[in-house]
Amino acid sequence: AYRRQRQMCIRDRLALARLYRMNNLDRLVYQPDRVDAALARIADARDPLVRDHARYFAARRQRRRGDLDASRATVRALGFLTTGQWIGPFDNAAGRGHGEVYPPEVGAGFDEPVRGKAHLVEWRSLEGLAPDGHVELSHFNSPSNEATAYVAAVIEAPRRTNAALRTGSVDQLRVFVNGLDVFSIDSRRDAHPDQDAVPIVLEAGDNLVLLKASWLDDAGRVFARITAPSGGALPDVRWVGDRDRVRAAFERVKDRPATKPAKHRIATLTDGVERAAERAKGTARAQVLALRADLFAIASLYDRRKLPTPPEADLEAAVRSDPADPMIRFFYAHRVRARDPNLALEQWEATLRSDPGFVPALLEQRDALPGRRNEGRHRDERARRGGETVRQRARCARELGVEQAHERRDGGPGPSRVD
């Protein structure tokens with residue numbers, strides 16, 4: 001399965017979605033050596049955005065293994081914001097802070113503190129607080145619930161350059177470049193790199209980027225990275241977080257704010273899978289919709305307030321198009337289990353009717369719904385007596401390596417759920 005996903009990631013328009021599917025499978029079967037090898041190969045893909053995300057996933061795995069220097073070097077090479085100035089918190093009760101104009105939007109707070117949510121606040125250095133590319137705003141803003149905070153940094157460019165500013169955030173986000181409001185989203189979502197992509201034009205010299213992040217609960221996080229329009233690094237372009245340069249950039253854009261939004265085309269996370277979904281028919285469309293569901297779910301590319309969520313809707317449509325595919329039903333059950341446990345159980349049972357040897361569904365049915373664990377164990381025992389479980393697991397092991405997931409659920413180490 002990993003080999004197939006890897007080869008497809010290198011050459012087809014669904015490459016990014018397949019890369020996220022492979023990451024999802026790894027959370028189920030946990031085969032780190034095979035995933036590491038696959039990511040190394042995918043990092044040579046033709047598509048710059050596919051290469052970027054393969055390298056980002058590899059960097060996260062390096063960080064989990066404790067190789068922080070290598071991980072952080074990759075993050076910087078990918079253009080992530082790791083330096084700058086921040087200020088907050090400001091009030092975001094009921095999400096209203098997203099539309100409020102607070103003093104930092106005009107550069108206040110450098111020379112003297114300004115009134116924040118519960119106390120005076122001022123610009124502070126981000127240096128050393130975001131080495132892994134994600135700015136955990138709620139970790140250094142107090143009070144951290146229903147809050148708004150700002151991050152400001154300079155992008156230094158040697159010449160006028162077309163670029164893409166790629167962002168991600170918990171809940172709401174507004175982006176200003178050289179004083180111009182270039183992007184805004186009011187959502188309820190988790191943060192992930194490259195959720196949003198904005199075309200921008202970098203002028204020669206210093207360019208001011210101001211991120212306004214607002215969140216409703218007590219977790220606030222933001223990502224930002226600068227790339228070429230199609231993805232990939234921009235030579236000689238870098239983030240600068242020096243306080244004096246950021247303050248000077250604020251002063252400059254007060255007098256000469258940008259007036260025209262950029263209009264050049266840029267690549268996004270969803271380009272390939274959206275084009276494929278428009279053209280695919282029948283069971284091929286079911287596979288595309290299932291891949292799109294994985295991408296949207298893992299990257300949190302939807303608003304949680306809207307039900308059914310887009311991943312649920314895609315998987316429901318995929319089940320209708322190909323009701324015999326156990327993997328699609330399995331992922332559909334997983335997506336709806338928190339909201340509708342009975343529907344999840346129905347889908348796991350339907351999965352086993354279409355493929356009685358689909359071990360992931362057996363495991364979920366046994367472990368996920370406590371009231372039915374005994375029934376699941378009895379089924380396992382009956383199958384074991386007849387020799388069926390051994391054959392079922394062997395077949396699934398060849399396809400997905402699920403035997404390791406079963407070992408972990410019986411007490412071994414490692415993650416066991418698919419997100």
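Me: Is aspartate 171 buried or exposed?

Reply: This is a predicted model, so read every value as computed from it. Burial is judged by relative accessible area, and under 20% means buried. Aspartate 171 has a relative accessible area of 3%, so it is buried.

Me: Which residue forms a salt bridge with aspartate 171?

Reply: Arginine 304 does, with the closest N and O atoms 4.0 Å apart. Now look at where the two sit. Aspartate 171 is in the loop between β7 and β8 (172-177). Arginine 304 is in the loop between α8 (282-298) and α9 (310-321). The pair links distant parts of the chain, 133 residues apart. Arginine 304 counts as partly exposed, at 36% relative accessibility.

Me: How many salt bridges does the structure hold?

Reply: It holds 26. One of them joins aspartate 36 to arginine 65, with the closest N and O atoms 3.0 Å apart. Aspartate 36 lies in helix α3 (residues 32-42), and arginine 65 in the loop between α4 and α5 (68-77). They are 29 residues apart. Aspartate 36 is partly exposed at 23%, whereas arginine 65 is exposed at 54%.

Me: Which residues do salt bridges with shared partners join into one network?

Reply: Glu156, Asp206, Arg238 and Arg245.

Me: On to sheets. How do I read strand pairing?

Reply: Strands of a sheet pair through backbone hydrogen bonds, parallel or antiparallel. Here, four strands form an open sheet in the order β5-β12-β7-β10, with antiparallel pairing.

Me: Why is one side of β5 and of β10 left without a neighbour in the sheet?

Reply: β5 (134-135) and β10 (196-202) stand at the edges, so each has a single partner strand. For β5, look at β12 (residues 222-227): the two pair in the antiparallel sense over two bridges. Histidine 134 stands opposite phenylalanine 223 in β12.

Me: Which helix lies across β5, β7 and β12?

Reply: Helix α4 (residues 48-64). It runs at about 135 degrees to β12.

Me: Which residue forms a salt bridge with glutamate 136?

Reply: Arginine 221, with the closest N and O atoms 2.4 Å apart. Arginine 221 is in the loop between β11 (205-215) and β12. Glutamate 136 is in the loop between β5 and β6 (147-157). The two are 85 residues apart.

Me: Is glutamate 136 buried or exposed?

Reply: Apply the cut-off again: under 20% means buried. Glutamate 136 has 13% relative accessibility, so it counts as buried. Arginine 221, at 27%, is partly exposed.

How values were computed. Residues are numbered from 1 along each chain as its sequence is written. This is a predicted model: local features need pLDDT of at least 70, side-chain atom pairs count only at pLDDT 80 or more; totals for chains, interfaces and linings use all residues. Side-chain values use heavy atoms; hydrogens and water are left out. Two strands pair if DSSP finds at least two bridges between them. Contact means heavy atoms within 4.5 Å. Axes are lines fitted to C-alpha atoms, for helices over the stretch in contact, and angles run from 0 to 180 degrees between N-to-C directions. A salt bridge is a side-chain nitrogen of Lys or Arg within 4 Å of a carboxyl oxygen of Asp or Glu. Buried means under 20% relative accessible area, exposed over 50%, partly exposed in between (1.4 Å probe, protein chains only).
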